[in-house]
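The sequence and the structure are shown first, and the description follows.

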Amino acid sequence: MKPNLLPLCLLFVLSLTGCTDQCKETRTYRRYVPVTLSLREIREGVRTEEVRPLEKPGKIYTKGGYLFINELKEGIHLIDNRNPSAPRPVAFLRIPGNGDMAIRNNILYADSYMDLVAFDISNPAQPREVSRVQSVFPSGQFEGGSWSINPQSVMLSDQRVEYVTETIKTDCEGGGASQWVGCPNCDVVRFSSQSGSAAPIAASTAPNSNGTAGSMARFALYSDFLYTVGQTDMQLFNVQDAANPVAQARINLGWGIETIFPYKDKLFIGSQTGMHIYDNANPASPVRLSTFQHARVCDPVAVHDNIAYVTLRNGTQCGGFTNQLDVIDITSLTSPRLLRSYPMQNPHGLGIDFPNLFICEGEFGLKTFDARSALAVKQLQHLTSMHAYDVIPLTGTLLVIGRDGLYQFDYTNPGQLTQLSKIPVNRPY
Amino acid sequence: MNKLLFSLVWLAPLFATGQTAPFKPVFTNMTEFGGLFGQVRYGTPFTESVDKRVNLTAQTFNGVQLRPRLAVGGTVGVDWYNTAMITPVCASVRYDISRPSPTRDTQKNLRIFTSLDTGWGFTWLNEDPSGYKTSGGWVVSPGIGFRIGKPTNTNFILSLSYKRQEANAEKPLSWNELAKHETRVYNRMAFRIGLAF
């Protein structure tokens with residue numbers, strides 16, 4: 001063959017074999033497998049187990065130097081965090097269907113599918129069930145999978161989540177319209193963060209000492225009451241006798257409820273469409289004062305004095321197309337007023353220890369801000385080397401949960417965070 | 001003295017190559033536009049489909065004619081794929097391989113050239129829908145073409161090349177998805193027309 005013909009032949013071969021676009025889409029998704037559990041099986045499933053690695057951490061909660069990390073639907077990791085540089089797991093409390101918690105004095109309240117269970121955690125290594133309010137929650141969701149109770153058959157229908165990764169050939173036209181399929185999972189709270197509303201850990205002067213929860217919590221303690229929010233309503237429990245919670249009123253809140261936290265004598269309830277403010281002057285009967293409407297997105301909230309900080313984000317289960325921090329003047333609780341919006345990348349949980357504001361940007365990392373002026377919130381630092389979902393600022397120590405672990409930072413100098421420790425997460429996907 | 005040295009410097013190439021006039025490197029440009037032709041097979045084995053694809057492409061090669069047959073330089077272009085506008089920036093070579101008919105040497109008005117471009121396709125000009133993030137990737141493109149016209153004039157060119165362009169896209173997640181990522185390899189035949197000087 002003449003050398004000059006070589007390129008022609010090469011091109012010819014390529015044109016026969018190589019002119020097909022090769023596009024492959026790899027996606028990981030949750031698959032839901034229906035399962036049926038008996039209520040007895042669930043109730044007898046509570047026990048203390050050996051420490052185990054974090055796999056699907058949910059809420060984080062802290063009290064008295066101990067860290068409580070929810071393992072979604074499985075139970076609670078109890079971790080001795082008196083030395084934040086060397087946190088030490090002490091036990092795993094298995095609670096089937098657990099997603100939320102709150103602590104008053106030495107009593108830990110946790111949901112277990114349909115029940116509210118109270119544990120004595122005087123010895124955190126050996127929690128002890130002390131009481132249970134049975135069948136008070138009729139239904140709920142974990143990771144998008146719904147469960148509901150059937151009182152007649154004393155059975156519970158649930159959906160087990162499996163993680164599936166698959167690759168398919170696509171037509172390379174991936175830039176089409178998004179397929180938003182509702183927002184059923186926005187209300188599955190995965191991580192908590194502190195808000196200004198949280199009672200300090202060392203509230204020794206108070207008659208009752210509560211733990212620190214946050215802006216994404218679904219359980220909140222105030223006065224003699226424990227408030228728990230579901231998708232559409234709020235269930236009150238009287239916890240005057242901390243070890244024996246008693247179910248009280250159930251209040252309808254509207255659709256898409258995500259979070260609750262008390263601040264002074266008010267309850268701030270985050271929903272997918274806005275932030276509701278309830279007057280809680282009578283803790284047994286909260287009354288709605290106003291609603292701050294926003295786009296349909298996920299919206300953790302933190303409050304300090306008369307300023308509420310709300311992060312709005314799009315993506316995954318949240319719908320919407322907004323990524324920003326809204327700073328809202330709540331001096332007039334009946335007519336909250338937007339002061340300023342700051343563009344963000346994909347803000348998740350947030351926490352404030354005034355004047356320091358911490359915002360998790362998901363895959364974009366963690367940002368610290370100086371929030372002295374609501375109209376000029378200044379960014380101090382941006383840690384990009386980590387994935388951050390949520391934060392709890394705790395008098396100098398910042399707890400940050402991300403995809404790969406729970407980090408603790410010293411934020412004495414908020415412009416220069418110093419990592420103290422990391423508890424790794426072994427995700428199943 | 002200075003004048004003498006200056007003259008020697010200018011004359012040096014002549015001494016070095018004997019009596020033959022040396023080839024002086026000159027700037028060269030080759031600007032083309034055309035179409036990218038291909039197809040795509042997609043779906044699952046049970047619902048497989050095949051679609052044909054045609055997209056616009058434009059590029060300009062700017063370089064130096066180092067030898068009478070060889071030019072090297074860089075190519076910048078724009079490829080309008082259906083869901084990605086990619087800007088390839090390549091290192092490029094153009095090499096004239098022969099004239100199709102030795103009997104027409106005197107005319108010197110039809111020459112065959114080959115080309116090779118390789119580099120990175122950027123997405124500077126691409127606009128993504130909300131939730132999408134398209135990024136570029138390696139590109140390689142060997143080709144062959146005709147130059148029509150005398151070497152001293154501006155030439156009309158026709159070229160046929162193969163182009164392999166890699167790209168990636170992060171996609172928005174629907175409610176039960178945790179990660180979604182697309183890897184793309186555009187394999188196309190490119191037919192272009194243009195001008196060269």
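What percentage of the contacts in chain B with a separation of 6 or more is accounted for by residues 24 or more positions apart? The share is 55%.

**Chain B**

Chain B contains 1 helix and 9 strands. The chain has 197 residues, of which 29% count as buried.

**Confidence in chain A**

For chain A the mean pLDDT is 82, and 84% of the residues in chain A reach 70 or more. Residues 175–206 of chain A stay under 50 in pLDDT. Where pLDDT is low, the predicted coordinates should not be read in detail.

Strands of a sheet pair through backbone hydrogen bonds, either parallel or antiparallel. Two sheets of chain A are described here.

In one of them, 4 strands of chain A form an open sheet in the order β14-β15-β16-β17, with antiparallel pairing. Its edge strands in chain A are β14 (219–222) and β17 (246–252), each of which pairs on one side only. From one strand to the next, the twist averages 25°. Within this sheet, strand β16 of chain A (residues 233–238) runs antiparallel to β17(A) and is joined to it by 5 bridges. A:Asp233 has A:Asn252 in β17(A) as its bridge partner.

The other is likewise an open sheet of 4 strands in chain A, ordered β30-β31-β32-β33 and paired in the antiparallel sense. Strands β30 (390–394) and β33 (418–424) of chain A have a single partner strand each, so one side of each is left without a neighbour in the sheet. Here the twist averages 15° from one strand to the next. Strand β31 (residues 397–402) and strand β32 (residues 405–410) of chain A are paired antiparallel over 6 bridges. Across this pair, A:Leu398 stands opposite A:Phe409 in β32(A).

| Strand pair (chain A) | Sense | Bridges |
|---|---|---|
| β16(A) and β17(A) | antiparallel | 5 bridges |
| β31(A) and β32(A) | antiparallel | 6 bridges |

Technical notes: Residues are numbered from 1 along each chain as its sequence is written. Chains are lettered from A and ligands numbered from 1 in the order in which they are written. This is a predicted model: local features need pLDDT of at least 70, side-chain atom pairs count only at pLDDT 80 or more; totals for chains, interfaces and linings use all residues. pLDDT is the predictor's confidence in each residue, from 0 to 100. Two residues are in contact if their C-beta atoms, placed from the backbone, lie within 7 Å. A residue is buried if 20 or more other C-beta atoms lie within 10 Å of its own, exposed if 12 or fewer, and partly exposed in between; C-beta atoms are placed from the backbone. Two strands pair if DSSP finds at least two bridges between them. Axes are lines fitted to C-alpha atoms, for helices over the stretch in contact, and angles run from 0 to 180 degrees between N-to-C directions.
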